[in-house]
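Dear colleague,

I am passing on to you the structure that I have been reading, together with some notes on it. Please keep it open beside this email as you read.

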Amino acid sequence: MPPAGTLRTARIADDPELAAVRVVVLTTFEGDAEVLGALRAGASGFLGKGVAPADLVKAVRTVAAVSVLHLSRRSSLMLAVVVSTLLFAALHLPTSGWNVQCVLVIGTARVILLVPYLLTKNLAASATVHMVDDWALFGSAAILG
C-alpha cells in the first residue's frame, strides 16, 4: 500500500462514527517520515512487513488492551507521560540516597524536557532544552554552594 493509502486509512480515527476503530499500520515503508505521518494521522501502531508474526499479535493485543480503557489519544498520551515520568523519577531514587524530593525534581525536569518534543516533534529542541536545563541546575548548585 502506498504511503498516501496508509495515511488515508489511518485517518478513520477522525470520523466520529469510526472513533473507536484502532489502526495498526503494516507496511513496507518504514522511514521516520512514514512512521510519524501514520501516528500523526491517528494510527495506534506501526509495523514493517518484516515483523515476526508473534510481534504482530503482540501489537494488536496491546492496541486492543489500550482501547479497552476508552481513552482518547490525548488522554492516552497524558497518562503515558505521567506514568513514564513517575517511573523515570523512581528509578533515580537509589542514586539520590532514596530522597523522595528527587521524584519531584527529576519528574518535573522530565516533563520540562518532554514538552518541547511534544510541541515540535523535534529531538533537537528537546536536547537543547535538556542542555539549558542541566546548565541552569549545575550553575545554580555551583553558585549556591
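Predicted model: local features only at pLDDT ≥ 70, side-chain atom pairs only at ≥ 80, totals over all residues.

Residues are numbered from 1 along each chain as its sequence is written, and side-chain values use heavy atoms, with hydrogens and water left out.

The chain holds six helices and two strands, where helices (H or I, at least four residues) and strands (E, at least two) are DSSP runs numbered from the N terminus. Read from the N terminus, these elements follow the order α-β-α-β-α-α-α-α. Of the 145 residues in the chain, 21% are buried, a word that stands for under 20% relative accessible area with a 1.4 Å probe, counting protein chains only.

Strand β1 (residues 24-27) and strand β2 run parallel and are joined by four bridges; two strands pair if DSSP finds at least two bridges between them. Within this pairing, Val24 lies opposite Gly45 of β2. In a regular strand the side chains alternate between the two faces of the sheet.

Helix α6 (residues 123-144) includes Asp133. The helix has 22 residues and spans 31 Å from its first C-alpha to its last, close to the expected 32 Å, the expected span being 1.5 Å times one less than the number of residues. At its N-terminal end α6 is capped by Asn122, which has a side-chain oxygen 2.7 Å from the backbone nitrogen of Ala124, and just after the helix Gly145 takes a positive phi of about 100°.

Is Asp133 buried or exposed? Asp133 is buried, because its relative accessible area is 17%. Beyond its neighbours within four places in sequence, Asp133 is in contact with Ala109 and Leu113, contact meaning heavy atoms within 4.5 Å.

Thr85, in helix α4 (residues 73-91), has a relative accessible area of 8% and is therefore buried as well. When residues up to four places away in sequence are not counted, Thr85 touches Gly107, Arg110 and Val111. The C-alpha atoms of Thr85 and Ala109 are 9.2 Å apart, although 24 residues separate them along the chain.

Key
Buried < 20%, exposed > 50% of the residue type's maximum accessible area, 1.4 Å probe, protein only. Polar contact = N/O pair within 3.5 Å; in protein donor to acceptor, adjacent residues only side chain to side chain.
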